[in-house]
Amino acid sequence: MCDRPLVSLSEVRVDDSDGDAVRARAFEISQGPEAGTPDENWVRAEHELTVAHEYDTADRDLERLGMTVSRLPAEAGVVWRLRLPRGEQVEAWEPGNGGLAPPDEIARLIDGVVAGKQLEPAPPLSTDPGAVRLREMIETQRQALLAHDPGTRLGDDPENLHQHRVAARRVRVYLRAARRQLDAAWRRSVAGPLRELGEASGPVRDLDVLLERLRGELQRLDEPDRTAGDALLSSLEAERDAARAALLDALGGDGYRNVLARLRRPPRLAPEVDAVPLERNARREFRRLVEAVDRLGDHPDEEALHRLRIELKRARYAAELSDLEGKRGRRFLADARALQDLLGDHQDAVTTEQRLRALTAVDLQTKTAFVAGRIVERERARRERAAERLPAAWKRLRRSGARL
């Protein structure tokens with residue numbers, strides 16, 4: 001590396017945009033004998049620079065820390081790009097195409113991480129339709145995590161946290177559905193932090209739902225009872241504030257930051273695997289759902305129905321991942337969503353009743369306890385109505401699943 005032109009660290013571009021390298025290559029093309037129109041030069045530059053090869057040690061030291069080193073070859077040189085866990089990006093241009101190790105500007109920055117180990121190119125991405133679909137769907141959820149991250153931190157609109165949780169849960173289900181095709185260590189490095197994130201965000205989401213339901217119920221009461229219900233709201237809002245503090249700690253932690261960085265890279269397939277059979281995986285998840293329903297019996301308790309809801313989400317998201325097409329596919333997904341909504345209403349009613357009973361068992365005034373009791377009765381009735389509709393909704397889903 002001593003004979004290559006060196007660029008000082010002050011000259012290395014640090015940018016969050018991928019467009020600078022494309023812009024530089026497009027300008028270079030425009031100055032050559034094969035220059036076309038500006039649009040043609042730009043498209044050609046994009047095409048050249050998307051042929052990126054990622055480098056890491058055999059032990060995946062960079063990936064474990066959420067870093068990537070990429071080599072983007074072009075006709076007159078190579079762009080080496082280092083992306084750090086917090087989003088910083090360093091690029092270094094190297095003339096000629098012979099260099100297969102990062103230039104000094106990047107090598108110095110990662111020297112402590114790789115500890116003298118050889119960097120080697122990652123295997124090429126699989127072009128199998130299932131593997132491509134898995135990459136695309138995980139990237140969609142990563143974008144959803146980022147889109148709802150600021151609103152989740154702000155906490156004014158509960159829907160941001162809801163969508164943030166849905167995106168994280170979808171990724172976990174995708175990884176579970178394709179677990180036989182994915183590298184086990186890579187899958188754990190993503191699923192583990194996402195599970196911890198769910199444990200931190202779950203209590204806040206439960207309280208968001210509870211507060212929304214409680215406010216709606218209080219609006220239906222007379223003014224004196226509504227005033228007494230304000231004590232319930234105050235107590236639950238204090239719980240939510242404490243739960244949000246724990247959530248913000250998780251969002252500011254290394255685990256969440258690193259998993260976002262890992263999700264920027266394509267999922268790593270297991271050795272000797274180059275195809276992901278999404279439809280077969282989806283059928284397996286649906287069979288698990290059928291078995292879970294068969295184990296319920298005639299009078300399942302609340303905990304069993306909650307577990308069923310989890311199995312249903314797994315089957316539904318695995319079916320979405322398999323890209324079901326046609327009328328039968330749309331029918332299955334619609335039936336799955338309908339059953340999931342029923343189970344969600346049932347679980348929300350159970351949670352509301354349990355929370356209110358716990359509150360009134362402490363030290364609330366008699367009037368407030370009376371109001372809580374009235375709301376508990378309504379939630380119990382709502383839970384029973386949902387339970388009555390479950391068998392018919394399940395039959396519809398089982399029929400549409402069998403038709404697939």
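What volume does the largest cavity have? The largest cavity has a volume of about 50 Å³. The model is predicted, so local features need pLDDT of at least 70 and side-chain atom pairs count only at pLDDT 80 or more, while totals for chains, interfaces and linings use all residues. Residues are numbered from 1 along each chain as its sequence is written, and side-chain values use heavy atoms, without hydrogens and water.

A cavity is a set of points on a 1 Å grid over the protein atoms alone where a 1.4 Å probe fits but cannot get out; lining residues have an atom within 4 Å of a point. Volume is the space filled by probe spheres set on the points, which are joined across faces, edges and corners. The structure holds 1 cavity of 30 Å³ or more. Among the residues that line the largest cavity are Asp-157, Asp-208, Arg-240 and Arg-244. By class, the lining has 3 nonpolar, 4 polar and 4 charged residues; Gly counts as polar, and Asp, Glu, Lys and Arg as charged. Helices are DSSP runs (H or I, at least four residues) numbered from the N terminus. Helix H6 (158–177) is one of the helices that supply at least two lining residues. The largest share, 3 residues, comes from H6.

A nonpolar core joins buried Ala, Val, Leu, Ile, Met, Phe, Trp, Tyr and Cys residues through side-chain atoms within 4.5 Å; buried means under 20% relative accessible area (1.4 Å probe, protein chains only). The largest such core has 46 residues, and Leu-175 and Val-190 have the most contacts inside it. H7 gives the largest share of this core, 12 residues.

Conventions
On a 1 Å grid over the protein atoms alone, a cavity is a set of points where a 1.4 Å probe fits but cannot get out, and a pocket is an open set with protein on both sides within 12 Å along at least five of seven lines; lining residues have an atom within 4 Å of a point. Buried means under 20% relative accessible area, exposed over 50%, partly exposed in between (1.4 Å probe, protein chains only).
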